[in-house]
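Open your viewer and get ready to select residues as we go. We will take a short tour, one stop at a time.

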Amino acid sequence: MTVLLEAHEVIHTYSTTWYEPVTRMPSRLNEAISCAYLLMRGIDEIEDHPTLPADTKAQLLRGVSAVWQERCRPAELNALLAPHHDVLPEVTLRLDEWSRLAPEEIAPRVQETFATMAERMATWAQADFAIRTEADLDRYTYAVAGTLVLLLSDLWTWYDGTAVDRTLGVAYGRALQAVNILIDRDTDTARGVDFWPDNWGTTEMSTYARTELTRADQYLDSLRPGPARTFCDQPLRNAHKAWATVPWPPHQGSAA
């Protein structure tokens, strides 16, 4: 089995939402996006690990970031992760393999994104994900989702010259992340993490998500027919459906 097929299997294990859009992508774009998803998931598993102390998470995330900022030497990355081999999942332990999936000419852009994201995740982990204000929420959703869509926007342009509105791209990422934060409230608080600003209830968080969903619709509408639009369409539809299931405040129909 090729590394790409193994990558697809791992993606399917983590996300049926993203599996189909990724695997429907044409050659080269497929490899680049598979690489991006797995690098994101690999560092996300460090950030969200249920037993690793915050300082250890930060040390690992900053270490991964440093390797990607250098030359992504496999021995250095594997040595960094080796002491935690028994507790880290496969998707994290194979970061070096995933990083080599992207085509050579775009690989540095992919690694740059996740070097930056890992550094930001380290800061959030050390701060115990303390989100106090809407500005904090904006920074968090940008760090873990907006940044990813900026990369995807660059991949669309690299692959076939698709023009993108990068500001609306950030909103697309924020929208998907905000909906996840909205619907995962009970799961997150059960593990001791609260992504909602102080004094926010469902009304405020639902309104925040709807505002970003409206902008995300504009991002999708701005994309010409092709791989970019195909990739972004279904996850946004799913986000609208998930947002609409929240019982309060009363919804006046989807923002779609």
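Predicted model: local features only at pLDDT ≥ 70, side-chain atom pairs only at ≥ 80, totals over all residues.

**Stop 1: the largest pocket**

Select Trp-18, Arg-41, Asp-44, Gln-177 and Asn-180: of the 42 residues lining the largest pocket, these lie nearest its centre. The pocket holds about 1,000 Å³ of space. Now colour the helices α2 (16-23), α3 (29-47), α9 (134-160), α10 (166-183), α11 (185-190) and α13 (227-244); each of them supplies at least two residues of the lining. What classes of residue make up the lining of this pocket? There are 25 nonpolar, nine polar and eight charged residues.

**Stop 2: the second largest pocket**

Next, move to the second largest pocket, with about 170 Å³ of space. It is lined by 13 residues, and you can find its centre by selecting the closest ones: His-49, Lys-57, Asp-128, Phe-129 and Val-193.

**Stop 3: the nonpolar core**

In soluble globular proteins, nonpolar side chains tend to be buried together. Here, the largest nonpolar core has 85 residues. Select Ile-43, Phe-114 and Trp-156, the residues with the most contacts inside this core. Helix α3 gives the most to the core, with 11 residues. Now zoom in on Phe-114. Which residues does Phe-114 contact, leaving aside neighbours within four places in sequence? They are Ala-36, Leu-39, Met-40, Ile-43, Trp-68, Leu-148 and Leu-151.

**Stop 4: the cysteines**

A disulfide is a covalent bond between the sulfur atoms of two cysteines. How many disulfides does the model have? The count is zero.

**Stop 5: Glu-212**

Finally, select Glu-212 in helix α12 (residues 202-222). Glu-212 has 5% relative accessibility, so this residue counts as buried, the cut-off being under 20%. Show its surroundings and you will find that Glu-212 touches Ala-171, Arg-174 and Ala-175, not counting residues up to four places away in sequence. To end the tour, draw a distance line from Glu-212 to Val-87: their C-alpha atoms are separated by 36 Å, and the two residues are 125 residues apart along the chain.

Note on methods
Residues numbered from 1 in each chain as written. Heavy atoms only, no water. 1 Å grid on protein atoms, 1.4 Å probe; cavity = no way out; pocket = protein on both sides within 12 Å on 5 of 7 lines; lining within 4 Å. Points joined across faces, edges and corners; volume = space filled by probe spheres on them. Helix = DSSP H or I, 4+ residues; strand = E, 2+ residues; numbered from the N terminus. Nonpolar A, V, L, I, M, F, W, Y, C, P; charged D, E, K, R; others polar. Core = buried A, V, L, I, M, F, W, Y, C linked by side-chain atoms within 4.5 Å. Buried < 20%, exposed > 50% of the residue type's maximum accessible area, 1.4 Å probe, protein only. Contact = heavy atoms within 4.5 Å. Disulfide = S-S within 2.5 Å.
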